[in-house]
Each structure stands twice: as structure tokens, then as C-alpha cells.
Amino acid sequence: FFQKTLTAIKNWFTLFGWSKGQNPISIPYSLRRDVCKVQMSSSQETGFKQNLGKDTKTVYDMLFHLSGQLLPGITSSKSLPLDPVERMLQLHWQHSTLLAFLKSQGACLPHVMPEFLLEPDDYKKWIKVQTVLKVDVKNSDILSNKHLFILEDSIFETMSKRAWTDVLLQIYKVFVLPRASSSNITDLFSLESLQKMPRIKTEPLSSNIYSPYERTILTWLNKHYEKNRKTVWKDCQKGEVPPMRWIVNFDQDLLDGLVLAAQLAAYCPYLIATHFVRMYTNPRTPEQFLHNCLILVNAMHAVSLAIDIKV
């Protein structure tokens, strides 16, 4: 389950997370690595700046593209200190600022510590520094409230991957999902057939699973399915017009491909004759479900909607 979630989020951020087109990411490797565009290099004689190039895209570039906001005190062109320990402390501060910024926007990340977002070597330096500090200030209460998680290498890698995945999911939740607007949905409920349908409430407390924005999307799915099912499958080759249904989740209710096909048909009606008339309107077997989803994915490719969804 986690691997599928990670793959989906990696694909989405690769395709839509950046200005000026796609930028392949790997979780957590590229996100941990690409934290600045200018790197200080040292030799015994001189210190010089190494420009990592305008093509280096950092997590801060992604945040600016999705939210339109810069993190306080952080610019992607800022270089990191030469000293390895100072560099690690600067990165830890940047990650703390990132997490504080996301939490202020409504992200739920109480389980993600800034040190989990560091590279493994930097994490070891962080543990070393904190251990020394704890010994030095044994009688002080500076660190008494601070829990120090000392993780083995393999466990740290798992934790880091999970932490970065959750950070990306929360970025999506607070900056992308709220773009779902309910303003266009109310107009369509004037149709007689839609008036008989039970409504999905968008009030914040009416669901402990889906946010108001997700429920707006469910309403949109219901609206287009009910409005288009008779049009899309009136000349169906493999069954009658599918029955009315109430779509209340994003997994079970979308499995047979019919709901998503109805959404596509609402915007691209020319796909009905070339693709959707060949779908099973009452699929029973795994083969029929597969058949429907093959047609759906082919239809997406036909309109260049290449978002790497597997059948």
C-alpha cells in the first residue's frame, strides 16, 4: 500500500509539481539532495562557489510554484556553509522552517521531525551533536523536553522515505486540493434527474474521512455520471444503460471505469463513439473490469492525458 502511494505521489509531483514542465523526482533521494543551487567548495588554497545550475530544482522551487509563497529566510539561491556540521545545522533549521510553514497552512505532520528529512550522514552528525549537547547541559532543562530518536541506518532510510512521502501528501492537501471549487456544481443540480440524488454534504464536520474539497470532487463525479450515463451508453455494445448510483468514495466506486469514463465524456464527447460504447455497463468478472479500464486508459492516451495511470 505504501509503495503504491509513494509511486502515485512521485508521478504526480514529477508531472505537476514544478514550473516549466516535468522534473523527475525520487523519494527521498532527490528531495534530500537538491536543497540549494549554489554550493561552496573548499580546497587548501581557495574557497570558491560552485553553481549547481539553473536546472537544479529544489523543494523550495516546488513550494513556490504550488503555493506562490516563499519560506521566511530561505531562498533557493542561498549557499550552505562549508563546515559539514554548520551545513547540517543550517539544513536542520531549513527543514524545521519548512515543517512549521506547512503546519501553519493546515498540514498534519506531528510525526515528522526535521532530522528525518536529512541525508543519512547528516542525520548521524545531528545525533552526535545532540548527544554531546545533552552531556554538556546535563543539569540544564534546555533539552529536557526534547526526544532524541536514534535510529539504525536501515530504519532511518525507511523513516526518511515515509517522512518525505507524508510531507508531499500534506503539500498536496493544503495547496492543491483547495483549488477544487464548488461554484460550478450548483448550476447542474437544477436538472430533474439530479434533484432525486442524495447530496454529499460539504460542511467540514460532516465526514471524518474526506475534506470539504474531496467531497466537492465526489459531488462533481456524481453530477457528471448521472448527467451523462444515458448519453454515453445509449448505444452500448455490451449491455444496457448502467443504473443510477451514489458515488461516495474514491476506490470501490471507481473500480469498473464507468464513473471516470462519464467524466471524460463530459469534456470529450467524441470519445464515446470511439471508446466508451465498447465498455461493459454491468461488469461482473475481473476480465470485464480489466477490459473497461483498458478502454479508459486508452481514451486518456487518445487525448494526451499522460499521467502514467496503469490499467
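I started with the contact of H1 with H3, where Trp 12, Phe 13 and Phe 16 in H1 meet Met 62, His 65 and Leu 66 in H3. Contact here means heavy atoms within 4.5 Å. Helices (H or I, at least four residues) are DSSP runs numbered from the N terminus. For the record, this is a predicted model: local features need pLDDT of at least 70, side-chain atom pairs count only at pLDDT 80 or more, and totals for chains, interfaces and linings use all residues. Residues are numbered from 1 along each chain as its sequence is written, and side-chain values use heavy atoms, with hydrogens and water left out.

By class, the H1 and H3 contact has 5 nonpolar, 1 polar and no charged residues. I count Ala, Val, Leu, Ile, Met, Phe, Trp, Tyr, Cys and Pro as nonpolar, Asp, Glu, Lys and Arg as charged, and the others, Gly among them, as polar.

Next I checked the angle: H1 and H3 (residues 59-67) pack at about 75 degrees, with their axes 11 Å apart. That makes H1 roughly perpendicular to H3 (65 to 115 degrees counts as such). Axes are lines fitted to C-alpha atoms, for helices over the stretch in contact, and angles run from 0 to 180 degrees between N-to-C directions.

Then I followed H1 into the loop between H1 and H2. Lys 20 is found there, and its phi is near 60 degrees, a positive value in a residue other than glycine. Pro 28 also has its place in the loop between H1 and H2 (29-33). The peptide bond from Ile 27 to Pro 28 is cis, with omega near 5 degrees.

On to H9 and H10: their axes come within 8 Å and cross at roughly 80 degrees. So H9 is roughly perpendicular to H10. The H9 side of the contact includes Trp 220, Leu 221 and His 224, and the H10 side includes Leu 258, Val 259 and Ala 262. This contact has 10 nonpolar, 3 polar and no charged residues.

Last, the largest pocket, with a volume of about 2600 Å³. A pocket is an open set of points on a 1 Å grid over the protein atoms alone, where a 1.4 Å probe fits, with protein on both sides within 12 Å along at least five of seven lines; lining residues have an atom within 4 Å of a point. Volume is the space filled by probe spheres set on the points, which are joined across faces, edges and corners.

Which helix gives the most to the lining of the largest pocket? I found H1, with 9 residues.

Note on methods: Helices (H or I, at least four residues) and strands (E, at least two) are DSSP runs, numbered from the N terminus. Angles under 35 degrees count as roughly parallel, over 145 as roughly antiparallel, 65 to 115 as roughly perpendicular and the rest as oblique.
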